[in-house]
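Subject: Structure handover

Hello,

Here is the structure we talked about, with its sequence. My notes on what was found in it follow below.

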Amino acid sequence: MLQQILQDMYIDPELLAELSDVQKHILFYKMREEQLRRWREREAWDALAQAEGLRPAKVKRASNKHLQWLLGADGEVWVWVMGEGPGDKPYEEISEELIAERARLQAQKEAEELWRQKEAEITKKFRDALANEKARILAEKWKVEMEDRKAAKILEERIHEEFKRKEEEERRRGEEQIRLQEEQRAKELYWTLKQAQLHSQASENEEREWEEQRELSCTQALEACPTFPTSSSHCECDLPSFQPPSLPHKARPVCMTLLG
């Protein structure tokens, strides 16, 4: 499989993901070696072809961009093989350092991702807690307000009932007072009317008695009067007129001729 990867210079991403970090470093190193080998082989083939006249020399196009290889003391392209240069650390140590650095970077990346998730969780947790606390405070406030409203309503109903009871008592007292006054006034008016009726009846009886007495007295006086005419019922004697019942002693009218 390694030969196929080096030949194609390609590895499937799923297969690459299954490799460990050490295997990935080794694969990278092998692919780099394969690239250098192919480059050297191509350069050698081009030089041989140009020397034998089989292939014309390459004509480079004019361009502002160009690549210049670093040349070594021998005039060839300078190549550094990791771990083989003078003063280089051994390959195993360099590989360990690279692995450790990559592991550190990967761990740092994962830690940052975990921290973002943790921070989001903390933010959501306290945001939800704050929202719940606000909801609880509002619920308690609403409950207190409802209790206050309920208490106020109960107090209002109690006051209303108290005033209504007092109003009914006041109405009953007023009605009783008016009823007593009505009864008292009815009695007063009854006795006033009764006395007026009795006085009126007494006056009528007295007037009728005086009228009967007067008629009787006049008849007796006329019969005894010497000047009483036989042809007429008119008497010339001076009889007093009818006295009202209010006069004292009820004096009888008499014929003045007889008295003379």
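A residue is called buried when its relative accessible area is under 20%, exposed when it is over 50%, and partly exposed in between. Trp69, at 47% relative accessibility, therefore counts as partly exposed. Please keep in mind that this is a predicted model.

Overall make-up. The protein has five helices and zero strands, so the elements from the N terminus on read α-α-α-α-α. Of its 260 residues, 10% count as buried. Its accessible surface comes to about 22,900 Å², and carbon and sulfur atoms hold 56% of that. Among contacts with a separation of 6 or more, 47% are between residues 24 or more positions apart.

Surface patch. Trp69 sits in the loop between α3 (21–52) and α4 (91–224). Together with Leu67 and Leu71, Trp69 forms a nonpolar patch on the surface, with about 370 Å² of accessible area for the three together.

Largest pocket. The largest pocket holds about 730 Å³ of space. Its lining is made up of 26 residues, and those nearest the centre are Phe28, Tyr29, Arg32, Glu33 and Leu36. Two elements, α3 and α4, each give two or more residues to this lining. Helix α3 gives the most, with 13 residues.

Salt bridges. Side chains of opposite charge can pair when their charged atoms come close. The count for this model is 15 salt bridges. Three of them are described here, starting with α3.

Glu34 pairs with Arg38, with the closest N and O atoms 3.0 Å apart. Because the two are four residues apart in helix α3, about one helical turn separates Glu34 and Arg38. Is Glu34 buried or exposed? At 13% relative accessibility, Glu34 counts as buried, whereas Arg38 is partly exposed at 30%.

Glu170 is partly exposed, with a relative accessible area of 46%. Elsewhere, salt bridges that share partners join Glu34, Arg37, Arg38 and Glu41 into one network.

Regards

Conventions. Residues are numbered from 1 along each chain as its sequence is written. This is a predicted model: local features need pLDDT of at least 70, side-chain atom pairs count only at pLDDT 80 or more; totals for chains, interfaces and linings use all residues. Side-chain values use heavy atoms; hydrogens and water are left out. Buried means under 20% relative accessible area, exposed over 50%, partly exposed in between (1.4 Å probe, protein chains only). Contact means heavy atoms within 4.5 Å. Accessible areas come from the Shrake-Rupley method with a 1.4 Å probe; for residues, only the protein chains shown count as cover. Patches are made of residues with over 30% relative accessible area and no salt bridge: like charges are joined within 9 Å, nonpolar side chains (Val, Leu, Ile, Met, Phe, Trp, Tyr) within 5 Å. A salt bridge is a side-chain nitrogen of Lys or Arg within 4 Å of a carboxyl oxygen of Asp or Glu. On a 1 Å grid over the protein atoms alone, a cavity is a set of points where a 1.4 Å probe fits but cannot get out, and a pocket is an open set with protein on both sides within 12 Å along at least five of seven lines; lining residues have an atom within 4 Å of a point. Grid points are joined across faces, edges and corners, and a volume is the space filled by probe spheres set on the points.
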